[in-house]
Amino acid sequence: MKDERELPYGTAAETLLEMGNIGTGSSMASLSHIIGEKVCYAPPVMERVDYDGLAEWIGYAEENVVAVLIPFAGDINGMLLQIYKEEMKDVILRKLLGTEQVPEEMDGQMLDLLRETANIMASSYLTGLSACAGLRIILADSAVSMDMTGAIITSLIGTAAGSFPGGICIGNNFSTEASLQECCMLMVLREDSVSEIMKAVEVNG
């Protein structure tokens, strides 16, 4: 399932990664404000949308995670995927529910709270991109699910393949200072959106 096509390189790659860094910085500042804790995140990495590349962020282990997928359109098209592992899920829910103990069984209210958190982070991410490149970006309705990591990866690849043929993924891992588990924020871009970004910032790959 490995996509052998070349990734953007040179100045184009540097520009995309810097935009990913700007977007992630904005979204993580929003998350930090929501949970009242410092959020740490790694520099962005660019991969093709395939199983191995996505598993490097999400993890190969068959553990339950909460995933929120938010498509976007406008001058560029793609989707944002946020993966919350158990520790981060509990940190967010403890803060939003005002409780010290999060119930083991997830219910609709808890999933909605995580989806709303993801919506705020995604809005911050894309607002950062829009501001630095002058792009018009519109968020679509988000979808939230809780499933095993392997199923999430397979579903994302299927969704991406159904939405557009091929694409690249710019991703970051993030966590709180006390967390041992890394969550991830992934921006999946259509192939033609890469060239639109380059035009917007007047960069030739």
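1. Glu104 is exposed, and its relative accessible area is 79%. The model is a predicted one, and this value, like the others in this note, should be read on that basis.

2. On location: Glu104 sits in the loop that runs between α3 (86-97) and α4 (108-133). The C-alpha atom of Glu104 is separated by 13 Å from that of Val65; along the chain, these two residues are 39 residues apart.

3. Turning to the aromatic side chains, the count of aromatic pairs comes to one. Tyr84 and Phe174 form this pair, with an edge-to-face geometry: the ring centres are 6.5 Å apart and the angle between the planes is 80 degrees. Edge-to-face is the class for planes over 60 degrees apart.

4. Where do the two partners lie in the chain? Tyr84 belongs to strand β4 (residues 78-84) and Phe174 to strand β7 (residues 167-176), so the pair ties together parts that are 90 residues apart in sequence.

5. Are Tyr84 and Phe174 buried or exposed? Both are buried. Glu104, by contrast, is exposed, at a relative accessible area of 79%. The cut-offs behind these words are under 20% relative accessible area for buried and over 50% for exposed.

Technical notes:
Residues are numbered from 1 along each chain as its sequence is written. This is a predicted model: local features need pLDDT of at least 70, side-chain atom pairs count only at pLDDT 80 or more; totals for chains, interfaces and linings use all residues. Side-chain values use heavy atoms; hydrogens and water are left out. Rings of Phe, Tyr and Trp (its six-membered ring) pair if their centres lie within 6.5 Å; planes under 30 degrees apart count as stacked, over 60 as edge-to-face and the rest as tilted. Helices (H or I, at least four residues) and strands (E, at least two) are DSSP runs, numbered from the N terminus. Buried means under 20% relative accessible area, exposed over 50%, partly exposed in between (1.4 Å probe, protein chains only).
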